[in-house]
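User: Hi! I'd like to go through this model with you and ask what lies behind each label.

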Amino acid sequence: MTPEPPRGTAVAAWGFRALAGATEASRRRKAALLARGLQLFARRGRRVADINIGVCFPSLDPEQRRALLAAHLDFTAALLVDVASAWHGPASAWREQVDGVHGSDCLSDQQPTLLLAPHLGNWELLNLYLGAEHGLTALFDPPRLAALREVIRRGRERSGSTLLPIGAAGLRTFARRLAAGQLVALLPDQVPAPDQGVYANFFDRPALTMTLAQRLVQRQQVRVVLGWARRLPAGRYALHFEDATAAVSASEPAASASAMNAAIESLIRRAPEQYQWSYRRFKRPPVGYSRLY
């Protein structure tokens, strides 16, 4: 007999199912309502997003800054509904959200490949596609809210991806699978522990940046690919993959981190409203810099 999930997990799963929409029209309606809720009630996330936008785009005047923040909140609402639909709709639901794949030749051979998927666009859809097509293995940083952990894990593993918890054992398995020629992925703009990163500019402000990608590249011949899923006006997504091996191949960790951040920044500038500005990217500033949040 399958054990009943914890009550909190069941409630979280119900919430995602309630957000899911079977059609694009229903997803648009739910996203509009959710966007209004984010404007009214998500004060902490909205505040962090506003600070980050101001730091990263200092040339924007107040009206332009408010417009970008509003567009970001609209995108975030649509993203949540799209993810819920992909996780809890029919098995084919997430495939119906894909409207073209660009640069997939970066993933076409047996060379060990490290995918870097920043907090841009719909990285959950990217995970589902790569799990189905390439048997993706990805690192997983469990959320603090225990009720969400199992819901997120099940959603991300729905199409064949394998999640490994961040930690010594997970990192060893991650490295072994990469060495064996498998496709592995991590979020390169996630703030690492102080001893696992270096400071490198991100939109002209120093940000603690992980060195894991650089260490993996230095250990063996690895292809590095940047991937993201850009939301299109019609509510579907174009998946983009770009070779970024040169951006992280420097022998010095600081140089590698700077090049990697520059590559990520270039992607963000293509669709700035689709970056997760509510993420506290600058939460561990270097000495001499004040805290933003």
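Analyst: Happy to! Helices (H or I, at least four residues) and strands (E, at least two) are DSSP runs, numbered from the N terminus. Counted that way, the chain has 11 helices and nine strands. This is a predicted model, where local features need pLDDT of at least 70, side-chain atom pairs count only at pLDDT 80 or more, and totals for chains, interfaces and linings use all residues. Residues are numbered from 1 along each chain as its sequence is written, and side-chain values use heavy atoms, leaving out hydrogens and water.

User: Why is the pair of Phe202 and Phe203 called edge-to-face?

Analyst: Rings of Phe, Tyr and Trp (its six-membered ring) pair if their centres lie within 6.5 Å; planes under 30 degrees apart are stacked, over 60 edge-to-face, and the rest tilted. Here the centres are 5.0 Å apart and the planes 90 degrees, hence edge-to-face. Phe202 with Phe282, at 6.1 Å and 45 degrees, is tilted.

User: Why does Phe202 count as buried?

Analyst: Buried means under 20% relative accessible area, exposed over 50%, partly exposed in between (1.4 Å probe, protein chains only). Phe202 has 1% relative accessibility, so Phe202 is buried. Phe203, at 3%, is buried too.
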